[in-house]
Amino acid sequence: MGAKKIVITGGPGTGKTSIINELLRRNFVCLEEVSRKVTLEAQKQGIAQLFLTEPLLFSDMLLEGRRKQFLEAISSNETLTFLDRGIPDVVAYMDFL
């Protein structure tokens, strides 16, 4: 059986990051939530809430970050990799918006 890639998904505040943190504590390979990095980069440029002010740009940036994470995960030699959210989450949030 090949390597497994597991996406942890769910709404805001449902415990995804807590799960990822516990998995990291147990030495599992985890790829953390992309939106935090995107948000911090936008804040450095003076944009407090990129998701609210430029939702399409925010979503494009998330999609690109998650695409890179997916490629990183599938090219990894790890037998098990966890991802904090995935590509489908971008589509779900755009549908909600």
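With which residue does Glu41 form a salt bridge, and how far apart are the closest N and O atoms? The partner of Glu41 is Lys44, and the closest N and O atoms of this salt bridge are 3.5 Å apart. The structure discussed here is a predicted model, and it holds 8 salt bridges together with 2 aromatic pairs. The points below take up the salt bridges within pairs, then a network of charged residues, then the aromatic pairs, and finally a nonpolar patch.

- Glu41 and Lys44 both belong to helix 2, which covers residues 34-44, and they stand 3 residues apart, about one turn of the helix.
- The two partners fall into separate classes of accessibility, since Glu41 has a relative accessible area of 36% and is partly exposed, whereas Lys44, with a relative accessible area of 67%, is exposed.
- Glu64 and Arg67 form another salt bridge, in which the closest N and O atoms are 2.9 Å apart.
- About one helical turn separates Glu64 from Arg67, because the two residues are 3 residues apart in helix 4 (residues 55-75).
- Arg26 counts as exposed at 53% relative accessibility, so its value lies over the 50% cut-off, while Glu22, with a relative accessible area of 27%, is partly exposed.

**A network of charged residues**

- Salt bridges link Glu33, Arg66, Arg85 and Asp89 in a network.
- The C-alpha atom of Asp89 is separated by 9.0 Å from that of Leu63, although the two residues are 26 residues apart along the chain.

**Aromatic pairs**

- A pair of aromatic rings is described by how far apart the centres are and by the angle of the planes.
- Of the 2 aromatic pairs, one is formed by Phe28 and Phe82, which are arranged edge-to-face, with 5.6 Å from centre to centre and 85 degrees between the planes.
- This pair links distant parts of the chain, since Phe28 lies in the loop between helix 1 (16-25) and strand 2 (29-31), Phe82 lies in strand 3 (residues 80-84), and the two are 54 residues apart.
- Phe28 is partly exposed, with a relative accessible area of 34%, whereas Phe82 counts as buried at 9% relative accessibility.
- Phe51 and Phe58 also form a pair, and because the planes of their rings stand at 70 degrees, with the centres 5.4 Å apart, the pair is edge-to-face.
- In this pair, Phe51 counts as partly exposed at 25% relative accessibility, and Phe58 counts as buried at 8% relative accessibility.

**A nonpolar patch on the surface**

- Leu63, Phe70, Leu71, Ile74 and Ile87 form a nonpolar patch on the surface, and together these residues have about 410 Å² of accessible area.
- With 4 residues, helix 4 gives the most to the nonpolar patch, while Ile87 is found in helix 5, which covers residues 87-96.

Notes: Residues are numbered from 1 along each chain as its sequence is written. This is a predicted model: local features need pLDDT of at least 70, side-chain atom pairs count only at pLDDT 80 or more; totals for chains, interfaces and linings use all residues. Side-chain values use heavy atoms; hydrogens and water are left out. Rings of Phe, Tyr and Trp (its six-membered ring) pair if their centres lie within 6.5 Å; planes under 30 degrees apart count as stacked, over 60 as edge-to-face and the rest as tilted. Buried means under 20% relative accessible area, exposed over 50%, partly exposed in between (1.4 Å probe, protein chains only). A salt bridge is a side-chain nitrogen of Lys or Arg within 4 Å of a carboxyl oxygen of Asp or Glu. Patches are made of residues with over 30% relative accessible area and no salt bridge: like charges are joined within 9 Å, nonpolar side chains (Val, Leu, Ile, Met, Phe, Trp, Tyr) within 5 Å. Accessible areas come from the Shrake-Rupley method with a 1.4 Å probe; for residues, only the protein chains shown count as cover.
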